[in-house]
Amino acid sequence: MEAARHGLPGPHRDRDHPDLKGVVTASQDFTEDGDVQDRQGHGTHVSSIIAGSGAASEGRYAGVAPGAELVEGKVLGNDGYGYDSWILAGMQWAVDQDARIVNMSLGSNRASDGTDPLSAAVDKLSAEHGTLFVIAAGNSGDRTISAPGAADAALTVGSVTKSGEMSAFSSRGPRQGRPAVKPEISAPGSAIVAARAAGTLDDAAVTEQYASLSGTSMASPHVAGAAALLAQRHPDWSGARLKSALVGSAAPVAGASVADTGSGLTDVPAASAAKALAEPATLAAHTTYPNASAAAQSHEVTWTNTTDKPVKLRLSAGPGRAIRLGTETVTVPARSSAVTDVVLEPSRVEAGTTYSGAVTATWPGGGRATVPVSVEADPETYSLTLTGPAPREGAERTSTGAVLQNERTGASQLIGLDGTEPRTVTLPRGSYRILGHTWEYDTVGNTVVGTAAIHFARRVTVSGDSSVTLDTEGAKPVRIGVDDGSARVSLQSATGIVSRVGSGTGAQDTGLVAPSSAGQYQVEAVPTTGGTLDGLSFFGGLSWQQREVDAHEPGSSADALKLLLSQYSIYSWLGRATGEVVDIGTGADIDPAAMDLRGRIVLWTPATSQTSFNNALYQKLSDAGTAAIVYVGYGLSVYKPTPVLRLDTASVPALRARLAEGPLTLTLDGINSSADAYFLRHSVDGRVPAGADWFDRRSELAKVTTVQRTHGYPSDPKGMYAWTTWHGLTLFQQSTRYRPPSEQTVYYTPDVAWTTATFHYQYDVAERVYPLGTLVSAPTVYRAGGEYRDDWMSAPFNPALGKQAGPAQVTRDGDKLNVALPMFSDAAGHRAETAPVADTGSTVLADDNGKVLARNGAPGRATFDLPRKDNWYRLTVDATRTSPDPVTWMLGAQVTSEWRFRSGHEKSAAAARLLDLDYRLPLTGENAADADKPLDYTVGLTAQGGQRALPITSLKVWYATDGTDWKQATAARGVDGRWKVTVPAAGTAKVDLRTTVTDTTGASLTETLIDAYNSGCADIWC
């Protein structure tokens, strides 16, 4: 919490940042962290917006009130969260420090009516101490003003962009429950550059000392700083008067209502020059339906003259007739006040809308003071009672998820229905869509087993109290499948419905999906009646592959039992086992030696996860000659020599039900990776059909030969992820599994844009799990019958600027150089995602003589200012990747790229002409070359942002195995503009590469790759 004695709750600032030296005069920790240091970056950023000196940027990024003194209370922990008690204590401490202004860039995630404990404390402390609390509105959209910004006395701040438009994320009013204008004012909050605490905000870093963040947390300190300047000019003004001056002088935001941005954009000069102030600063009213006969609400507005001469005010109100003035002129004596009446007329506001207007006072010389007005008229509402369908024959129970979406506003809500138990909701009069699905399921013991997901979408008109019974009459099957008898639908598949009302920035989306549960249930659809539902789509995102472990009863359908099995360990069991199934239950009271288990398949549902007991029983089962163990749960650390296969809990009832019918023989097949995989998408727009035929034939799909390499832990299971978008919205992230190194034929639905991704490993930092080595493709449209190739996780890892990387990664926009380089992309050019904490380094810009112009302490990310004139520059990025477990990232330990490029002023964002090396190394699936043979490979140039690569004039390559003893490799011009490189046999080692290339313009790149590829295998699994 920064307080300007200007106070503020939030993580504390970086005490050593140059911009905040001498600014903070007192600080206190109210969290359990034990110190006031900012380890998240939020507090430092906010503090410098208020009062930063700009010392680290020669004044460019100075705060709004660089002369203000701050007292700071740390009321949120290093994770960005905190308890109400911490915040309350910080607020009290701030006013006890005689803070005149308290900035609070924080908030709850739940809308408030202003009577919650935090908001009540704001009102109490404001009244007792005359303090102004400036509070961020939040970043959650319509009607989401939360505590403590919901307080009456708070000056609640929304966000606008640098171009003066309302920020899309900014929370809007009016306040829920009790009428109030919230936010009352706005300030810049999008892409704000301010001080960066050491070791934080790598992803948002602009330079070593600054970062760019967005949010009302950034807007609020702008207003707090403005209040500090105003308080310096008027030391006798109370917080309420400061609030009135700021709100009354704000500039309107084009296209925004009072509920969006309050009175508008903060205008410090206008506030300082104001001759008259209005209290209260805002007016609001609320009326219930019907409002045609609603009583007028009278308010008194006190106008205060801040000058030494009388001021004649001319009053106006509007738009429309919802505001009535008691007088149109009033003369306010010098240094005194006058009162006028303002009457709000809720009866003149259309039901179901919120009126946005103002009372405006003007005076000679062009000045004005504005009182924003909001009048909320409740809509005409009625009750709608929803009842879910009863289970059909053969099903035990139903559960329904239904989304109600208003067809005028797009507002939606999710209703859950348990069986046929009715639920009643209150809705504004209008037309609605009801969309969703009904689950039919059985229960066996404590296990719920789904049998069908039945989708529906229909329209209902709410014009009086009514009821709707959802039914499954007319439901027809949705046939899903592929002409590959060995393929099964994967866990990460789904069918669902999405719906959009409106268009452009005003569009409202909603929807509901039903996960596939690996095809354990039937998908059905009830046809929509009564016309087309524009903007609605019924879709399926379906992934298929051969299962790692498949089970079937000889002579029966391969999926008749629907048993969901997987490999228990990362070490795959490969082969086939056939045997009669024996159910040993928990295994607690059995003696395997006394049982006839030889050649049998054992079903084991252990009662304990105690590893020692389970391991001992496993050994006894293995000694008894079991063919395989089908195991449910965890708690087993041995799985050889007898294979252990994990059975999903939901499959147990079906297996035991089959055993109850008589002896069961199963055949189990285990594979390392599926030879084929399928990413399929289907949709029907405007309705839910009466069933659908979504059966795919490989001849009608696109075929992509997909190589999946590894550089550590071969056979460790990975996921390949794929998704499509609908109006920019990702419908469902589908996935299949593979165990690299592998090669799969992956089939895609043609003529839609697919984005695919994978990652190498996961790691933990501060109780959060991150993917390491994430690679993402550019959206790609495949054509029916087309054959393609894709190569994932291929060495060497290096910056990718070509077409697979997507939009340009380094751009010149005006006189700014924006750098967002994926430093650890694979050789195929899939864009790398930054790995927090694991990726460290720097980004440095210099002139052509090597003089450093700017730097950032994050690898491949920066925003640098350039002179307008066209010049040569040098950009150097050094990136090192480590992880908490040193054996998880085995290649590409360090990448250093040094570009020489030419750049001049651009009217709009344009790709900078940086060279990009395209390596093609003939390596094994483990990214290894033969240790005893020379490695021949080719290298060429690609370009970013659709640019054309120019011919290479010179190329030199060096290699090493220790990063220091560099030897020159052979490099010679080849064909098609590429060069052929030969690296001598390196023995068993990790080989480093350094390449220098120059094109015909004089642009150049020197790239050093430490641990570029394996020569032989020197790792722990060899």
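The exercises below, each with a worked solution, walk through selected features of one predicted model.

Residues are numbered from 1 along each chain as its sequence is written, and side-chain values use heavy atoms, with hydrogens and water left out. Since this is a predicted model, local features need pLDDT of at least 70 and side-chain atom pairs count only at pLDDT 80 or more, while totals for chains, interfaces and linings use all residues.

**Exercise 1. Strands around β39**

Task: Find which strands pair with β39 and in which sense they run.

Solution: Begin with the terms: helices (H or I, at least four residues) and strands (E, at least two) are DSSP runs, numbered from the N terminus, and two strands pair if DSSP finds at least two bridges between them. Strand β39 covers residues 665–670, and β33 pairs with it in the antiparallel sense over 4 bridges. Within that pairing, A551 stands opposite L668 of β39. Next comes strand β35 (residues 575–583), which is joined to β39 by 6 bridges and also runs antiparallel to it; here E580 stands opposite T665 of β39.

Then turn to burial, where buried means under 20% relative accessible area, exposed over 50%, and partly exposed in between (1.4 Å probe, protein chains only). In β39, 5 of the 6 residues are buried. In β33 (residues 549–552), V549 and A551 point one way while D550 and H552 point the other way, and all of them are buried.

**Exercise 2. Backbone angles in loops**

Task: Locate the cis peptide bonds at P183 and P280, and then the positive phi angles of A191 and N927.

Solution: The bond between K182 and P183 is cis, with omega at about -5 degrees, and P183 belongs to the loop between β7 (155–160) and β8 (185–188). The bond between E279 and P280 is likewise cis, with omega at about 5 degrees, and P280 is in the loop between β11 (276–279) and β12 (283–287).

For the phi angles, A191 has a positive value of about 55 degrees although it is not a glycine, and its place is the loop between β8 and β9 (192–195). N927, also a residue other than glycine, has a positive phi near 60 degrees and is found in the loop between β63 (916–920) and β64 (928–929). As for accessibility, A191 is partly exposed at a relative accessible area of 32%, whereas N927 is buried at 1%.

**Exercise 3. Aromatic rings**

Task: Describe the geometry of the ring pair Y61 and Y210, and then that of F679 and W754.

Solution: Rings of Phe, Tyr and Trp (its six-membered ring) pair if their centres lie within 6.5 Å, and planes under 30 degrees apart count as stacked, over 60 as edge-to-face and the rest as tilted. By this rule the count is 18 aromatic pairs. In one of them, the ring centres of Y61 and Y210 are 4.8 Å apart and the planes stand at 55 degrees, so this pair is tilted. Because Y61 lies in the loop between α1 (42–51) and β4 (70–74) and Y210 in strand β10 (residues 210–213), the pair ties together parts that are 149 residues apart in sequence. Both Y61 and Y210 are buried.

The rings of F679 and W754 have centres 6.3 Å apart and planes at 40 degrees, so this pair is tilted. The pair links distant parts of the chain, with F679 in strand β40 (residues 676–685) and W754 in strand β48 (residues 753–758), 75 residues apart. F679 is buried at 0% relative accessibility, and W754 is buried at 1%. Ring pairs link F679, Y748, W754, Y782 and Y788 into a cluster.

**Exercise 4. Charges over rings**

Task: Find which arginines sit over the rings of W889 and W872.

Solution: A charge sits over a ring if NZ of Lys or CZ of Arg is within 6 Å of the ring centre and within 35 degrees of the ring normal. R881 lies over the face of W889, 4.6 Å from the ring centre, and the charged end of R900 sits over the ring of W872 at 3.9 Å from its centre.
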